[in-house]
Amino acid sequence: MYYKKALAAAILLTGAPVFSQAMAQSTDVSSMPAGSLPASPVAAASGDCSKGFFSRFAAAYREDAQPADPNAIAPKRRAMDAPFDSPPFPSSEWQLGGVPAPIGVPDTNSTYPLEKALGCTRFGQWMQRNRIEIYGWVTPSLNISSSSFSNFPLSYNTRPNRVELDQVVTNIARIEDTVQTDHVDWGFNISNLYGYDYHYTISKGVFSNQLLNNPAPNQPLNGKIYGDDPMLFYGDIYIPWVAEGMVVRIGRWLSLPDIEAQFSPQNYLMTHSILYSGDPYTQTGILTTTRLSSQWTFQLGLDASNDVAPWNHSARPSLQTCVRWVSADNNDMLYPCINNWNKSDYNYNNLQMYVATWGHRFNQHVHMQTEAYRMYGRNIPGYGPGGTPGVAGSSPLPGTAAEFGIVNYLNFELNANNMLSFRNEFYKDEKGQRFGFPTRYSSHTIGLTHWVSQDLEIQPELRYERSYDVPAYNAGKKDYQLTALLDAIIHY
């Protein structure tokens, strides 16, 4: 019943711009005389301003289902060549958090149906003149699991054997032009997520009551079943004259170093590694990203610690710094980070985190990425000496609790529309502070991403995982879990 209600809400959210536009006929230039129609920047039927909004919207999906133009001219870039093909990979660049794309890489976002259909409206024309984009996606999923109560720590599909509404995301963004070097430019991003995945992305002090103040004893995770998270809200200033370009970001951004990301289209697989499920998701503060050369990038930030707003009493001033290096032949990438550092005791999610990612490209069609981290919290109640062996948080004293993880992705481009990924990982939750069980884990996943069109991705996946020291699956009843999953990412 919950997912049906949520799905209906998702449809309404997805269609909200459509209905509002249909109601506001005064803003649709298709109602003007033919001679006064502005030239649409979008070719074909989706840019035919004599048609109504719904017709243009449907036409955009039909057009996006056609093969891409092989003769399309690549936009100018001030960076090394893109190492990968996207699609089928989720990105054509080596990873770099904190910026829309590495400095010197042009905006390569696709133009999706909503934006195309709005091209014949005054609002759409205004957005185009100001380089403002609006787009999003809906991600429903299905999983079949050997567990009956909980898939945790598998994320985000924690509820077993059901259809789930993972994400409905709407993005409004302007991407700064870091290819040019003659003037300061600006950008921003506002991204709102609705769905089950909010359980993992929420930041304390930003709509967090729906999760933190709603216990759910009959559910795998506390909180309302479906929730809303304004997950990104930041402004960027690009200054071309600092080194080879600097971007200053103020607001809430995605945690910098991970191979994986919160948003469905940005991942190699539909589920997430145990390593990713346990680490920070967002920080809020100020961050600088500076390109020192085409191979070296330096990042330095000050934030309120992990997954907490600066105005919340749990905030702790924290340092964040990373360096990214790419080899001259573009075949290797190193990205070590101090993702969170301060001298405070554990408070909410105040973990100290040291992490590094290595990527290696075998050729244009095959590459791998490996990420490892160590995290710990100081003076956490219940994690000192004298606790019951095998029972997390059972000590009468506070103490340090730590975890270590390493994950490897091996990715294959099968053709322009299909990508195959293998993910293997080892994780040790030393005292059980992250997932509730002091044990070692391994997980092994294979998944396919099939691009039906620019607007539709389908991702089947098979995953097997184990805990070695205590039973940690299905709420502590099993020491293994086998899961088959499928999702669809429907762009709009």
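**The largest cavity and beyond**

Mentor: The largest cavity has 18 lining residues, and those nearest its centre are Ala79, Met80, Pro102, Ser294 and Arg324. Keep in mind that this is a predicted model. The volume of this largest cavity is about 170 Å³. Its lining divides by class into 9 nonpolar, 4 polar and 5 charged residues. Rolling a probe the size of a water molecule over the atoms shows where empty space is left.

How many cavities of 30 Å³ or more does a search of the whole structure find? The count is 2. The second largest cavity holds about 90 Å³ of space. Its lining has 15 residues, and the closest to its centre are Asp197, Ser264, Met270, His272 and Asp487. Two strands each give at least two residues to this lining: S2 (162-174) and S16 (480-491). By class, the lining of the second largest cavity has 4 nonpolar, 8 polar and 3 charged residues.

Now turn to open space. The second largest pocket has a volume of about 710 Å³. It is lined by 21 residues, with His199, Leu211, Leu212, Tyr348 and Arg434 the closest to its centre. Helix H5 (198-201) and helix H6 (209-212) each supply at least two residues of that lining. The classes in the lining of this pocket are 11 nonpolar, 7 polar and 3 charged.

Next, the covalent links. There are 2 disulfides. Counted along the chain, the bonded cysteines follow the pattern 1-2, 3-4. The angle about its S-S bond is -80 degrees, and the link of Cys49 and Cys120 is left-handed. Cys49 lies in the loop between helix H1 (2-23) and helix H2 (53-64), and Cys120 in the loop between helix H3 (113-117) and helix H4 (122-129), so the pair ties together parts that are 71 residues apart in sequence. Both Cys49 and Cys120 are buried.

The other disulfide is formed by Cys322 and Cys337, with sulfur atoms 2.0 Å apart. Here the angle about the S-S bond is 120 degrees, and the link of Cys322 and Cys337 is right-handed. Cys322 sits in strand S8 (residues 318-326) and Cys337 in strand S9 (residues 332-341), 15 residues apart. Are these two cysteines buried or exposed? Cys322 is buried because its relative accessibility is 1%, under the 20% cut-off. Cys337 is buried too, because its relative accessible area is 5%.

Which residues of H2 are buried? They are Phe53, Arg56, Phe57, Ala59, Ala60 and Asp64. These residues cover an arc of only 165 degrees around the axis, so they sit on the same side of H2. An α-helix has 3.6 residues a turn, so residues three or four places apart point the same way.

Finally, the backbone. Most residues other than glycine have a negative phi, and most peptide bonds are trans. Look at the cases that depart from this. A cis peptide bond joins Pro87 and Pro88, with omega about 15 degrees. Pro88 lies in the loop between H2 and H3. Another cis peptide bond joins Ser155 and Tyr156, with omega about 5 degrees. Tyr156 is placed in the loop between strand S1 (132-145) and S2.

The loop between S1 and S2 also holds Asn161. Asn161 is not a glycine, yet its phi is positive, about 55 degrees. Its relative accessible area is 41%, so Asn161 counts as partly exposed. Ser305 is another residue other than glycine with a positive phi, near 85 degrees. Ser305 is found in the loop between strand S7 (296-303) and S8. With a relative accessible area of 1%, Ser305 is buried.

Note on methods: Residues numbered from 1 in each chain as written. Predicted model: local features only at pLDDT ≥ 70, side-chain atom pairs only at ≥ 80, totals over all residues. Heavy atoms only, no water. Disulfide = S-S within 2.5 Å. Helix = DSSP H or I, 4+ residues; strand = E, 2+ residues; numbered from the N terminus. Buried < 20%, exposed > 50% of the residue type's maximum accessible area, 1.4 Å probe, protein only. 1 Å grid on protein atoms, 1.4 Å probe; cavity = no way out; pocket = protein on both sides within 12 Å on 5 of 7 lines; lining within 4 Å. Points joined across faces, edges and corners; volume = space filled by probe spheres on them. Nonpolar A, V, L, I, M, F, W, Y, C, P; charged D, E, K, R; others polar. Arc of directions from axis to C-beta.
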